[in-house]
Amino acid sequence: MPKKLAWYIKRFSVMSPHDVLHRVGEQFTLKKLYLNYLFNKRSYSYSIESFAFCSSAKSRLPILKWNFNADVLELSGSNTDRWPRKFFNSIPYRDGNPYGDIRVAWESARLQHLIENQSCEKQFLSWVKDNPPLLGIHYISVMECGLRILSVCYALDKMRDKLESPTETWNALLQLVESHATLIEKRLSLYSSAGNHTIAECVGLIYAAVLFPEFKAAKRWKKKGLSILEQEAARQILPDGGGLEQSFWYLLFITDLCGLTIKLLEHYDEVVPISINSAYIRATKFLNSFANSPKELPSIGDTDNGYALSPYLDISWNHNSSNTVCKTFDNSGYTLIQGKTFKLIFDHGSLGMSPSYGHGHADALSIILQVDGENILVDPGTYSYTGNWRHYFRSTKAHNTINIDNQDQASQETAFMWSKPFQCQLVHNDGKFLLAKHNGYQYISNIIHWRGIIYYPIGIFIIWDHITGEGSHNIELNWHCRLPIDLSIESSQSIQNIKTWQSNYYGHKQPINTIRASTTNQLPQTLITRINLNAAAAKININDDIEKFQEWIT
């Protein structure tokens with residue numbers, strides 16, 4: 001049986017009856033949409049004056065916080081012209097399609113660039129004309145439809161007094177909003193598919209309903225959007241503010257979407273559900289503990305550089321650097337150690353959101369280190385959602401952790417599916433000593449990887465890697481260095497400096513130096529790494545401290 005087919009069978013076997021019915025219903029919905037595409041050639045025409053958003057002389061949207069001078073992440077170019085123009089569900093778009101990376105094409109079609117463009121009217125009208133409902137790739141993902149509703153409403157609201165063809169433009173906007181919201185409602189990502197897409201879809205429905213209550217379906221859109229958003233915000237944003245998907249970038253994405261919803265409801269004097277508000281507050285606290293802007297976010301998990309509304313949106317940042325020396329986020333599984341000149345992140349979290357764990361990486365017990373604002377020990381990033389590079393960038397070998405027998409800590413089934421997810425556990429944390437373990441290699445001779453970290457205020461980190469299990473195995477430790485670092489490793493048979501890859505933003509990669517230590521021996525085995533941040537740091541005896549780890553694991 002093919003590996004991918006076996007995985008799908010396994011996934012469907014754990015679905016709830018409601019989930020299975022939802023999947024079956026999706027297929028009927030797609031067939032109905034296809035018939036509608038073939039035979040219902042509706043001409044969209046509206047009475048503009050009956051829609052308050054279109055007839056108002058004043059802005060209908062809340063004032064947002066922007067930072068147009070921000071140094072934002074670069075975005076990839078569009079490849080829309082490569083894709084066929086036919087009914088959206090008949091277009092092959094997954095990994096291996098003949099056209100390219102569809103995410104790149106989708107990004108520009110979110111029309112978020114129109115918000116910063118003072119003469120966006122012609123571009124908007126051109127897009128609506130070229131992309132009638134249900135035709136082409138921009139209707140495959142209804143998340144894209146939700147994001148597009150937000151961006152075009154903000155763009156046109158901003159330049160409403162400068163429109164050259166207001167009747168044509170408002171009519172095109174109403175066509176887009178009604179067709180998009182109708183499609184979103186019919187194809188919401190639910191049950192085992194619920195993730196950041198679901199939140200974007202719900203926010204699109206809420207915006208369509210609140211801004212255009214004149215549509216007959218508006219009340220239903222709003223009720224459904226708010227109900228699911230309440231549930232998903234509470235689920236996807238963990239009690240400590242981290243993200244269930246184990247991706248810092250997607251956490252910012254859904255946090256901004258929650259913030260936009262709160263701003264909209266407050267602007268229209270509507271009640272903000274407590275679960276959405278509290279999820280937003282705890283997520284912003286989490287994000288601001290690690291960074292002051294999107295560009296500073298650690299690239300843990302998938303990072304695709306997509307935004308909720310704009311790369312310049314600034315509603316989720318307070319720009320106040322945390323003074324915390326050591327803080328652990330128990331629910332999401334991260335410990336942050338920072339001083340005046342450095343920041344170290346220890347990842348002891350899960351693989352991500354079940355059942356697919358699609359945006360997680362095999363990075364259990366990985367470490368990221370920043371010194372004097374520069375990234376030193378780096379996470380590889382994402383680079384691409386397709387091809388062999390997808391496999392590499394989310395592999396264990398690409399992260400600052402231990403690799404056993406050249407295997408990942410979990411099994412990559414497809415570009416967005418993992419099996420055999422690992423479990424991590426923080427065993428000890430007293431501010432100086434951290435000790436955690438994961439069982440990702442337990443299927444290989446009952447192997448457990450333990451990692452201990454000791455921080456000495458004079459500027460020294462000790463990383464203790466201990467592997468227990470049975471038999472003889474190859475143990476490989478990788479330290480991916482963006483910049484030179486004073487680092488030494490004990491107890492390895494071989495230490496090499498090799499070239500590997502790191503991606504700062506989607507679609508771009510660059511070579512970096514990796515210090516690779518390896519040994520093949522009977523278990524248990526121990527590797528000890530010493531990192532000196534202070535060149536003048538005294539040579540201290542670490543043996544007594546190292547022995548404590550051994551005591552704790554026994």
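In the predicted model, the largest cavity holds about 50 Å³ of space. Gln236, Gly243, Leu244, Glu245, Ser247, Tyr250, Leu251, Ile254 and Met353 form its lining. Helix H10, which spans residues 248-267, contributes three residues and gives the most to this lining. By residue class, the lining of the largest cavity comprises five nonpolar, three polar and one charged. Across the whole structure, the search returned four cavities of 30 Å³ or more.

Open spaces were also examined. The second largest pocket contains about 620 Å³ of space. Its lining is made up of 27 residues, and those nearest the centre of the pocket are Lys295, Glu296, Leu297, Asn375 and Asn504. Strand S3 (342-347), strand S4 (367-371) and strand S5 (374-377) are the elements that each give two or more residues to the lining of this pocket. Twelve residues of the lining are nonpolar, eight are polar and seven are charged.

Side chains of opposite charge can pair when their charged atoms come close. In the whole structure, 16 salt bridges were found. One of them joins Asp314 to Lys65, with the closest N and O atoms 3.9 Å apart. Lys65, at 40% relative accessibility, is partly exposed.

A further salt bridge forms between the side chains of Glu476 and Arg516, at 3.5 Å from N to O. This pair also links distant parts of the chain, since Glu476 belongs to strand S13 (residues 472-481) and Arg516 to strand S16 (residues 510-522), 40 residues apart. Both Glu476 and Arg516 are buried.

Within helix H13 (residues 543-553), Asp545 and Lys548 are three residues apart, about one turn of the helix. Their side chains meet in a salt bridge of 3.8 Å, N to O. Asp545 is buried, with a relative accessible area of 11%, whereas Lys548 is partly exposed at 32%.

Strand pairing is illustrated by strand S7 (residues 411-414) and strand S8 (residues 417-419), which run antiparallel and are joined by three bridges. These strands form a hairpin with two residues between them, and Thr414 stands opposite Met417 in S8.

Notes: Residues are numbered from 1 along each chain as its sequence is written. This is a predicted model: local features need pLDDT of at least 70, side-chain atom pairs count only at pLDDT 80 or more; totals for chains, interfaces and linings use all residues. Side-chain values use heavy atoms; hydrogens and water are left out. Two strands pair if DSSP finds at least two bridges between them. Helices (H or I, at least four residues) and strands (E, at least two) are DSSP runs, numbered from the N terminus. On a 1 Å grid over the protein atoms alone, a cavity is a set of points where a 1.4 Å probe fits but cannot get out, and a pocket is an open set with protein on both sides within 12 Å along at least five of seven lines; lining residues have an atom within 4 Å of a point. Grid points are joined across faces, edges and corners, and a volume is the space filled by probe spheres set on the points. Ala, Val, Leu, Ile, Met, Phe, Trp, Tyr, Cys and Pro count as nonpolar, Asp, Glu, Lys and Arg as charged, and the others, Gly among them, as polar. A salt bridge is a side-chain nitrogen of Lys or Arg within 4 Å of a carboxyl oxygen of Asp or Glu. Buried means under 20% relative accessible area, exposed over 50%, partly exposed in between (1.4 Å probe, protein chains only).
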